[in-house]
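User: Could you walk me through this one? I'd like to start with whatever surrounds the ligand.

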Amino acid sequence: MSHSPLPRANPRATPPIVRGLRCAACGEFVGVDAALSWRCPNARGDDRHHVLLIESDVAPLRRTKHANPFIAFRRYLAWDAFVHAHGMDETTRDALISELDARIATVAGTGFVFTPFARADALSTALGFSESGGVWVKDETHNVAGSQKSRHLFTELLHLVAVERLGLAPWPIGNRPPLAIASCGNAAFAASTLARAVDWNIQVFVPEWADEQLVTRLRTLGADVQHCPRKSSDPAGDPCVFRFRESVAAGAVPFGVQGPENAWCLDGGRTIGWEMAYVAEHMEPPLIARLFVQTGGGAFAACLAEGFHAGGTRAALHAVQAEGCAPLSRAWNESTSFATMSAAAAHWDACMQPWPDKPTSFADGILDDETYDWVSVCRAMRTSGGHPVVAPEQRVREAYELAHRTTTIDVSPTGAAGLAGLLTMRDRVGDDERVAVVFSGIRRETPKP
Ligand SMILES: Cc1ncc(COP(=O)(O)O)c(C=O)c1O
Ligand SMILES: [Zn+2]
């Protein structure tokens, strides 16, 4: 029996859209009411070849007037269905989002708002597009913590706080398990910012060579930063990930941006695509025909495409990787021998293999040796008629330079890497076509040449 003090949901109010989560690899279904449903129940031990994906039908895409995208699009969130299932009423849901958002704003200097999305005229001209075609840029550099990562993490945080407020938390009051993330970039910074906002301890596992400025920034936010040298007993792979998983096995909450580690990052990440789709839906034709998205672990491309396609247009997704780390391309090619992506996902090892060499690129935020969310990214490319693009390193550098020359957005090399995909494919894109990119992260220091 529930002793929740929260107001009960009105059963006649608009029902939520999300039905539940289903594992792309084994088909297991997890009800949306399940608390702390980070991973597929069949993913045991270190097995990360499962990923829970959100099942829902968003169309038609509508928003409320609220300035916060998590409130404006709340009814499409899996989180909304989760708290609805536990009887939280709609006013309380909005109030909880607003409360956490206000706390985040005190740490980050901004809460969540719709970020700009508009045609970049000088960039479009420089690339030879006609007046009716061109490049639309989503500017994410002033989003919470300077990148899109906080959008993914916010639904993990909402889930955790709701679990506590609803009396569903398995931990005793005042004895929260720590959050944990393996990252040395924007995701670590966003996770530490959100954790700080709610005074929740967070462990950040970083490589030995992690940037000192970043480590200082994380420690200033109160994060417990742990350097992870390789242990002689470690198998091949990233020691930060091993230490992160050990911590999660010991009770920490996975608080990162990889679907197989925590499916709830795939919920809020979609807000970026919904925002873009909402603008695109109200544009005079022609429609935006392609999305070029820089891809590391893949959660970003997966969510952006799912969100954008909810608007009803099937813009072709091009997941962009740099030639110095492009594991998705092989997975894509292998997956084409399977009739469906579910069948491909069941043969995870045959498709997605970690990049065999030391990953390198000027776009150093997309050097994940594995595209963890490859199944959703490939599915979105399949259904939209897209395909991956491997950008030569020269194009990655040109994209950064071009972004700075033709726009006023202070984007990082990683944040501009989707544009490198467009440069690589420019001769196959018509001058009258409309395409979109996301400048996803702010430049924090002058990148080394
Ligand atoms: C600014 C920026 N853009 C894009 C990405 C890629 O996101 P994902 O790893 O989800 O593919 C990252 C990842 O670190 C990033 O920092
Ligand atoms: Zn599974």
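User: Which residues come nearest to ligand 1?

Analyst: Of the 20 residues around ligand 1, the nearest are Gly296, Gly297, Phe300, Ser440 and Gly441, where a residue is near a molecule or strand if its C-beta atom, placed from the backbone, lies within 6 Å of it. This is a predicted model, in which local features need pLDDT of at least 70 and side-chain atom pairs count only at pLDDT 80 or more, while totals for chains, interfaces and linings use all residues. Residues are numbered from 1 along each chain as its sequence is written, and chains are lettered from A and ligands numbered from 1 in the order in which they are written.

User: Which helix gives the most to that shell around ligand 1?

Analyst: H11 gives the most, with three residues. Helix H6 (186-197) and helix H11 (299-309) each supply at least two residues of the shell; helices (H or I, at least four residues) and strands (E, at least two) are DSSP runs, numbered from the N terminus.

User: And by class, what does the shell around ligand 1 have?

Analyst: The shell has six nonpolar, 13 polar and one charged residues, with Ala, Val, Leu, Ile, Met, Phe, Trp, Tyr, Cys and Pro counted as nonpolar, Asp, Glu, Lys and Arg as charged, and the others, Gly among them, as polar.

User: Which domains does the shell around ligand 1 draw on?

Analyst: At least three residues come from each of domain 1 (18-106 + 149-265) and domain 2 (117-147 + 269-439), with bounds that come from an automatic or database domain assignment. Taken over C-alpha atoms, the centres of domain 1 and domain 2 are separated by 23 Å. The contact between them takes 28 residues from domain 1 and 28 residues from domain 2, two residues being in contact if their C-beta atoms, placed from the backbone, lie within 7 Å. On the side of domain 1 that touches domain 2, helix H1 (69-72), H5 and H6 each supply at least two residues, and the residues of that side divide into 17 nonpolar, eight polar and three charged.

User: Switching to sheets, what is the order of the open sheet of four strands?

Analyst: The order is S8-S7-S6-S9, with parallel pairing, and two strands pair if DSSP finds at least two bridges between them. Strand S8 (224-227) and strand S9 (253-254) stand at the edges with a single partner strand each, so one side of each is left without a neighbour in the sheet. Two bridges join strand S6 (residues 179-182) to S9, and leucine 179 stands opposite valine 253 in S9.

User: Where does H6 lie relative to those strands?

Analyst: H6 lies across S6 and strand S7 (202-206), running at about 170° to S7, where axes are lines fitted to C-alpha atoms, for helices over the stretch in contact, and angles run from 0 to 180 degrees between N-to-C directions.

User: At what angle do H2 and H5 pack?

Analyst: Helix H2 (residues 78-85) and helix H5 (residues 149-165) pack at an angle of about 10°, with their axes 10 Å apart. That makes H2 roughly parallel to H5, since angles under 35 degrees count as roughly parallel, over 145 as roughly antiparallel, 65 to 115 as roughly perpendicular and the rest as oblique. Trp79, Phe82 and Val83 of H2 make the contact with Thr155, Leu158, His159 and Ala162 of H5.
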